[in-house]
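The sequence and the coordinates are shown first, and the discussion follows.

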Amino acid sequence: MSLRVHRAITYARGKVKVSHILKLARQESDWARAKVQIDSLYQVVTANPEKFNEIASVNSEDPGSARQGGQLPWFGAGEMVEEFDSASFALKKGEISKPVR
C-alpha cells in the first residue's frame, strides 16, 4: 500500500515518463501517517513545482527513483498498478497529480 504524487515529464508512442514521491504504508495502521505526509508534500510541490525533484529526492521512500529526483523509467499502459497507471496517463506534461493510493 502506498501513496504517491506524480508529475508528468513527457509522452512518446503510448508510453509515459513521470516522477513520483512515494510514501509507504506497510500496514493499515500506517495509512494515516502516510496520508498526512503525502498531503503535506502535495501542498509543497504544487506551490513550488520547480522544486519537485529536490523534494522527491529528500522525501520519497522509493530509494531508486529518489536518487533520480523521483524520476521513473518510461512505462506503457498496464505496466503499473491501476491507480498509478491511470493517474500517470491522465496528466498533461508538467502537471502534478493529487495524491493517489
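How many salt bridges does the count come to? In this predicted model, the count comes to three salt bridges, where a side-chain nitrogen of Lys or Arg must lie within 4 Å of a carboxyl oxygen of Asp or Glu. Side chains of opposite charge can pair when their charged atoms come close. The pairs are set out below.

| Salt bridge | N to O distance |
|---|---|
| K23 and E61 | 3.6 Å |
| R101 and E28 | 3.4 Å |
| D39 and K35 | 2.8 Å |

**Pairs across the chain**

K23 forms a salt bridge with E61, and this pair links distant parts of the chain, since K23 belongs to strand β2 (residues 15–24) while E61 sits in the loop between α2 (52–59) and α3 (63–66), 38 residues apart. K23 counts as buried, at 9% relative accessibility, whereas E61 is partly exposed, with a relative accessible area of 26%.

R101 forms a salt bridge with E28. R101 lies in the segment after α4 (82–90) and E28 in the loop between β2 and α1 (31–47), so this pair ties together parts that are 73 residues apart in sequence. R101 is partly exposed at 43%, and E28 counts as exposed at 52% relative accessibility.

Which side chain of opposite charge is nearest to D85, and how far away is it? D85, which lies in helix α4, is buried yet has no salt bridge, and the nearest side chain of opposite charge, K15, is 11 Å away. Because a salt bridge requires the nitrogen and oxygen atoms to be within 4 Å, K15 at 11 Å does not qualify as a partner for D85. Leaving out residues up to four places away in sequence, D85 touches F75, G76, A77, G78, E79 and M80.

In soluble globular proteins, nonpolar side chains tend to be buried together. Here the largest nonpolar core has nine residues in all, namely I21, I38, L41, Y42, V45, F52, I55, A56 and I96. Both α1 and α2 supply at least two residues of this core, and α1 gives the most, with four residues. A second, separate core has five residues, including V18, L72, F75 and F84.

Within α2, the residues F52, I55 and A56 are buried. They cover an arc of only 100° around the axis, which puts them on the same side of α2. On the other side of α2, E54 and V58 are exposed.

S60 is found in the loop between α2 and α3, and at 11% relative accessibility S60 counts as buried. A polar atom of the S60 side chain lies 3.2 Å from the backbone nitrogen of D62. Apart from neighbours within four places in sequence, S60 is in contact with H20, I21, L22, I55, S65 and A66; among these contacts, I21 and I55 are members of the largest nonpolar core.

Note on methods. Residues numbered from 1 in each chain as written. Predicted model: local features only at pLDDT ≥ 70, side-chain atom pairs only at ≥ 80, totals over all residues. Heavy atoms only, no water. Buried < 20%, exposed > 50% of the residue type's maximum accessible area, 1.4 Å probe, protein only. Lys, Arg positive; Asp, Glu negative; His and termini not counted. Contact = heavy atoms within 4.5 Å. Core = buried A, V, L, I, M, F, W, Y, C linked by side-chain atoms within 4.5 Å. Arc of directions from axis to C-beta. Polar contact = N/O pair within 3.5 Å; in protein donor to acceptor, adjacent residues only side chain to side chain.
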